[in-house]
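Morning, everyone. Please look at the structure on the screen, and we'll go through it in two parts.

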Amino acid sequence: MILILDCGSSKTPFIHKAVDEHMDARIVSILDCTESDLNDVLGVIISGAPILITEQNIDVYLAKTEWIKNTELPVLGICFGHQLLGIHFGSFGARMSEDRDWQTIEIFEEDDLFKRLPKELNMMEDHCETISIPVDFKLLGSSDACVNEAMRHKTRKLYGVQFHPEVSGNHGFQIFQNFVDICTGNVNQ
């Protein structure tokens, strides 16, 4: 089972659909999530949100995801989820030009999250903020619009993507399949 933490994104049902093709998935509102929701799951996905980290107080979301700092579970943060993940590890947020269109993401670091995918991916964006690359993370991909499009913790299975794979077609669906493989240990297949 994959737990999907819904931060209020209209795209969360698309995450569920993409993951559910490969493994059972359950959506829980991030504000209703308790540590017991993490029991018996193989991984966690944190959705996007209609929230600006540079303008709104996100302390309640940080409190609800404090477990990220110590978890051994694989985690995939998408857009706002990516930003939350980074902030937990020392990132800072910044405004950028609004990006609500397709971007070409250049993947320049080999990683299981991007297995069976080309080095350049067209992915849908929906944000106007970015985060710095946190300490202990490595940058996996960038676009012309945003430096930190994809990142991973250097020693743990903590991933963040600024783009929205759930609305980016077959390549986005492949990212979810790859994440499920990471969660189940099937990364060498």
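**A helix crossing and a pocket**

Helix 1 passes helix 4 in a right-handed crossing. Keep in mind that this is a predicted model.

Where are these helices? Helix 1 covers residues 12-20, and helix 4 covers residues 169-184. They pack at an angle of about 60 degrees. Their axes are 9 Å apart. Angles of 65 to 115 degrees would count as roughly perpendicular. Helix 1 and helix 4 are therefore called oblique to each other.

Which residues meet here? From helix 1, we have I15, A18 and V19. From helix 4, we have F173, F176 and V180. By class, this contact has six nonpolar residues, no polar ones and no charged ones.

Now the pocket. The largest pocket holds about 220 Å³ of space. Its lining has 18 residues. Which of them lie nearest the centre? Those are A49, P50, I51, C79 and D126.

Two elements give two or more residues to this lining: helix 3, residues 80-88, and strand 8, residues 127-131. Strand 8 gives the largest share, with three residues.

Compare the helix 1 and helix 4 contact, with no polar and no charged residues.

That's the tour. Questions, please.

Methods. Residues numbered from 1 in each chain as written. Predicted model: local features only at pLDDT ≥ 70, side-chain atom pairs only at ≥ 80, totals over all residues. Heavy atoms only, no water. 1 Å grid on protein atoms, 1.4 Å probe; cavity = no way out; pocket = protein on both sides within 12 Å on 5 of 7 lines; lining within 4 Å. Points joined across faces, edges and corners; volume = space filled by probe spheres on them. Helix = DSSP H or I, 4+ residues; strand = E, 2+ residues; numbered from the N terminus. Axes fitted to C-alpha atoms, helices over the stretch in contact; angles between N-to-C directions. Parallel < 35°, antiparallel > 145°, perpendicular 65-115°, else oblique. Left-handed = near helix turned anticlockwise from the far one by under 90°. Contact = heavy atoms within 4.5 Å. Nonpolar A, V, L, I, M, F, W, Y, C, P; charged D, E, K, R; others polar.
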